[in-house]
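Here are my notes on the model, point by point. Please keep the viewer open while you read.

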Amino acid sequence: GPVIRFGSARSRSENPSNRSLELPPLNGFLARQLIERSRLWRRVLAPRVGHMAAESLQQAVVLVSEMVSELPDIETLDIDPLYAGETHLRAGGLRMTLTETPGCATPQTSGYPHMAIHPYPTRLVHVRRFNDGIPWVLRPIRPEDGEALQEFIRGLSERSRYMRFVSMMRELTPRMVSRYTQVDYHRELALVAATQVPNPANRGHPREVLVGFAHYLRNPDGRGAEYALVIGDDWQRRGLGRQLMTALIDAAREQGLEYIDGLVLSTNRPMLALMTSLGFTNDADPEDPTMRRVWLNLT
Ligand SMILES: CC(C)(COP(=O)(O)OP(=O)(O)OC[C@H]1O[C@@H](n2cnc3c(N)ncnc32)[C@H](O)[C@@H]1OP(=O)(O)O)[C@@H](O)C(=O)NCCC(=O)NCCS
């Protein structure tokens, strides 16, 4: 996939360990890290460049990342020199080469096979409202949601946690946190429901909390995926479970999965009722009479 390099033109030929390279897509945080890792920044720019100019450099790197993500026909793009001032950013020269055979589809509709890392699927972000008008956001999880996800899981009642994980665990292991938050959006998906609550620690200014979590991970057969869903106890029976699950099914179908399935405790009436109402079939699990295999054919 594409690679973004930040540095001086001279550094192109220098020792690779001095080069600052990163795989797009880059958000502001990653773009900043790319710039600050470069020898050019450490040796030349850091002592001279002001806050505004550094911000606009960072923004330029993010824009380059967006271009190469959304335009797979770009083979190389070289901006040199780039002048970063306090009030403006100017490219003194720009060279671009395009691939010999143009791709016909846009990544937004056909995916991102030209990228090593699949971009965050912003098209799956939706602002919704509870019946009382309070807004909540349905969105794919982000790597930076780790702490919020852990807080959400810890805050569940023992019953909800048990229904979801079929274990007495109180919180996620660090490995589970990274497994759930660092998702390969091309092959699998984790969706969260997030809303704002007042934050007494910050004079009541609102902060975002997670109130629902749904995901699917591919099964070893590559054709189907196993889903799971949990809604915060105080947020149940407001339609979140149905909406997260519906969004998950649509995304699984879009990714070409043939079925999704999950194991649900036979005593879990709310989940069995929800899934039945969404058209899922509910079979006995031959290996474990306490569980039901609840699945949906997507083809
Ligand atoms: C099961 C669960 C996800 C449902 O989420 P939810 O947001 O409360 O569900 P919704 O408000 O969208 O309700 C959707 C449907 O589910 C069913 N349902 C939900 N809660 C129910 C309950 N307590 N009793 C009976 N049916 C219930 C109903 O059919 C409901 O439709 P309706 O509102 O038209 O009657 C939630 O109870 C939960 O997180 N439980 C703990 C974790 C768990 O069991 N996960 C499943 C294991 S993978």
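1. Start at the turn end. Asn199 has His205 of S10 as its bridge partner. Strand S9 covers residues 189–199, and strand S10 covers residues 205–218. The two are antiparallel and share eleven bridges; strands count as paired if DSSP finds at least two bridges between them. Five residues separate the strands of this hairpin, where Arg203 takes a positive phi near 50 degrees.

2. **What you are looking at.** This is a predicted model, in which local features need pLDDT of at least 70 and side-chain atom pairs need pLDDT 80 or more, while totals for chains, interfaces and linings use all residues. Residues are numbered from 1 along each chain as its sequence is written, and side-chain values use heavy atoms, without hydrogens or water.

3. **Overall dimensions.** The protein has 299 residues, and 38% of them are buried. Buried means under 20% relative accessible area, exposed means over 50%, and partly exposed is in between (1.4 Å probe, protein chains only). Nine helices and 14 strands are assigned; these are DSSP runs numbered from the N terminus, with at least four residues (H or I) for a helix and at least two (E) for a strand. The C-alpha trace spans about 70 × 55 × 35 Å along its principal axes. Areas are Shrake-Rupley values with a 1.4 Å probe; for residues, only the protein chains shown count as cover.

4. **Contacts along the sequence.** Take the contacts between residues at least 6 apart in sequence: 56% of them join residues at least 24 apart. Contact here means heavy atoms within 4.5 Å.

5. How many of the eleven residues of S9 are buried? Eight are, so the strand is largely enclosed by the rest of the structure. S9 also runs antiparallel to S8, joined by four bridges.

6. **Asp145.** This residue sits in the loop between strand S8 (135–140) and helix H5 (146–155). Is Asp145 buried or exposed? It is buried, at 5% relative accessible area. Its side chain comes to 2.7 Å from the backbone nitrogen of Arg142. A polar contact is a pair of N or O atoms within 3.5 Å; within protein, one must be able to donate a hydrogen and the other to accept it, and residues adjacent in sequence count only if both atoms are side-chain atoms. Beyond four places in sequence, Asp145 touches Arg139, Thr181 and Leu210.

7. **Asn219.** Here is another buried loop residue. Asn219 lies between S10 and S11, with a relative accessible area of 14%. Apart from neighbours within four places in sequence, its contacts are Gly224, Ala225, Glu226, Tyr259 and Asp261.

8. **The ligand shell.** The ligand is surrounded by 18 residues, and Leu229, Ile231, Arg237, Gly241 and Asn268 are the closest. A residue belongs here if one of its heavy atoms lies within 4 Å. The shell holds ten nonpolar, five polar and three charged residues. Ala, Val, Leu, Ile, Met, Phe, Trp, Tyr, Cys and Pro count as nonpolar, Asp, Glu, Lys and Arg as charged, and the others, Gly among them, as polar.

9. A polar backbone atom of Ile231 is 2.7 Å from a ligand oxygen. A side-chain N or O atom of Gln236 is 3.5 Å from an oxygen atom of the ligand. For Arg242, a backbone N or O atom lies 2.9 Å from a ligand oxygen. On its own the ligand has 930 Å² of accessible area, and the protein covers 78% of it. Helix H6 (158–165), strand S11 (224–231), helix H8 (240–254) and helix H9 (269–277) are the elements that each give two or more residues to the shell.

10. **Backbone points to check.** Arg237 is in the loop between S11 and H8. Its phi is positive, near 65 degrees, though it is not a glycine. Arg237 counts as exposed because its relative accessibility is 88%. Val166, also not a glycine, has a positive phi of about 50 degrees. It lies between H6 and helix H7 (174–181) and is partly exposed at 34%.

11. **Cis peptides.** Pro24 and Pro25 are joined by a cis bond, with omega about 5 degrees. Pro25 is in the loop between strand S2 (20–22) and helix H1 (28–37). Asp80 and Pro81 are also joined by a cis bond, with omega about 0 degrees. Pro81 falls between strand S3 (74–79) and strand S4 (82–84).
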